[in-house]
Amino acid sequence: MAALFLSIVVGFFIVLASGRVAECATGAWTMPVTGLGFCYDPFEVYFVLFNGALGEPFYTWQPSIVNPDWLPFTVTWLGLMPGWSPFNSSLALTMSETTLLIFTGLSVAVAFRAGLFNIGTQGQLVVGALLTALVVVAAAPFFPAGRLGGVLLISLGVIAGAVGGGFWGAIPGALKAYADANEVITTIMLNFIAANIAFVLVAGPFGDETSSVVATERVPEYARIDPWFFPGHGDFAELALIGGLAAVIGLYVLIEHTPFGYDLRISGIQPIAAEYGGVNSKLTTVRAMTISGALGGIGGSMWILMAEGRWIESVPALGFDGIAVSILAGNNPLGVAPAAALFGVLKGGALEVGFQTDVPTELVGVLRGLIILFVAMPEFFRMVGSYVDVDEPESGADPGVAAMDDGGETDA
């Protein structure tokens, strides 16, 4: 929370500084007392960012009765927008980003808990997404069109994505375990390999000849994960979010309450001690990277079946964003969901900032970077906390005695 607050404060001044160097006919915000003008209004940026990501449930107004001429600033009030519905396309986009980031965040988190730096979630997502699209398109003629056929194809597609991503994650896991290869290097390299192999395959034998871009054929409509309440063009389905939350709980139980999870955590903390304790650290490494890759592959399946409907060359950088989500969550599966929601809001709201203001959307990316920067420097906040005076009773003293007034008695 301290990192989030500090990033908002620092981001406020970065928006101001950007507004000073930018050129505009009239200032969007004037600093009270000084009268200094700025091209960008940081209050408007934050309001549009969070309000737009939710589908604009609030509106602002400035009643003249509370804005007398002698006040150096303007008082702005918030009101609930009449007729606002939570089932809107803007919130659907935010929830879509959140759902996809849950899977990629979990992918990175499970590797980090095993002491492994999986920078290859993006490649695992690409492979899982491609395999999902190809398997569903190829298997569609063998399944009946309708609800039953759709359920079977969706299940088959998710399994294919998990298998593809898991296989791509197992490769650097095996290289780390049995060849002592640095997993950071191998996973980064495998990102490029996955992207280029997928491009060649789709540009060649597995591409859609009727498409003007490099893409596969679209999966059948009945094989898509459709929304229940949200509009269809929002690329969000509640069932996918439920699956993501189930994965959060399942992974938490696996890591914290099973023998395999204990082996995984101990291997990540102290691999030598784990070996002495009877843990097969090499096998645990391969398994952890396989699970990590499978979760990234399922994220690719969700991107295909919920959002895009086909594999296309412009795969979003969800795997790299998953690293930021995992860091913000402290690599705890239970923290991945709220961290993904925050990043979903920032990504969804950035589009509204670009539509409704003159502020570059890159400044929202700066805010995301600041959050990660401050989360990654906990010693800074510990240093600040060391200067906070907290009165504590002396060691060994009776708290009741310490609470007495001079010559008085403690309360009952």
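1. Let me start with Thr99, which counts as buried because its relative accessibility is 0%. Keep in mind that this is a predicted model. Thr99 sits in helix 3, residues 89–113. Once neighbours within four places in sequence are set aside, the contacts of Thr99 are Phe236, Ala240, Leu241 and Met306.

2. Ile102 is worth a look next. Again ignoring neighbours within four places in sequence, Ile102 touches Leu241, Gly244, Leu245, Val248, Val336, Ala337 and Ala340. So which residues have the most contacts inside the largest nonpolar core? Ile102 is one of them, along with Leu106, Trp303, Ile304, Trp311 and Val325. That core has 65 residues, and helix 10 (residues 281–308) supplies the largest share of them, 11 residues.

3. As general background, nonpolar side chains in soluble globular proteins tend to be buried together.

4. On to the charged pairs: the whole structure has 5 salt bridges. The one I'd open in the viewer joins Glu256 to Arg113, with 2.8 Å between the closest N and O atoms. This pair ties together distant parts of the chain, since Glu256 belongs to helix 7 (residues 238–257) and Arg113 to helix 3, 143 residues apart.

5. Glu256 has another partner, Arg265, and their side chains meet in a salt bridge at 3.9 Å, N to O. With the cut-off at 4 Å, that distance of 3.9 Å still qualifies. Is Arg265 buried or exposed? Arg265 counts as buried because its relative accessibility is 19%, and the limit for buried is under 20%. Glu256, at 25% relative accessibility, therefore counts as partly exposed.

6. Glu183 and Lys176 make a further salt bridge, their closest N and O atoms lying 3.4 Å apart. Lys176 comes out as partly exposed because its relative accessible area is 27%.

7. Finally, have a look at Glu97, Asp321 and Lys347, which are linked in a network of salt bridges. The general point behind such pairs is that side chains of opposite charge can pair when their charged atoms come close.

Note on methods
Residues numbered from 1 in each chain as written. Predicted model: local features only at pLDDT ≥ 70, side-chain atom pairs only at ≥ 80, totals over all residues. Heavy atoms only, no water. Helix = DSSP H or I, 4+ residues; strand = E, 2+ residues; numbered from the N terminus. Buried < 20%, exposed > 50% of the residue type's maximum accessible area, 1.4 Å probe, protein only. Contact = heavy atoms within 4.5 Å. Core = buried A, V, L, I, M, F, W, Y, C linked by side-chain atoms within 4.5 Å.
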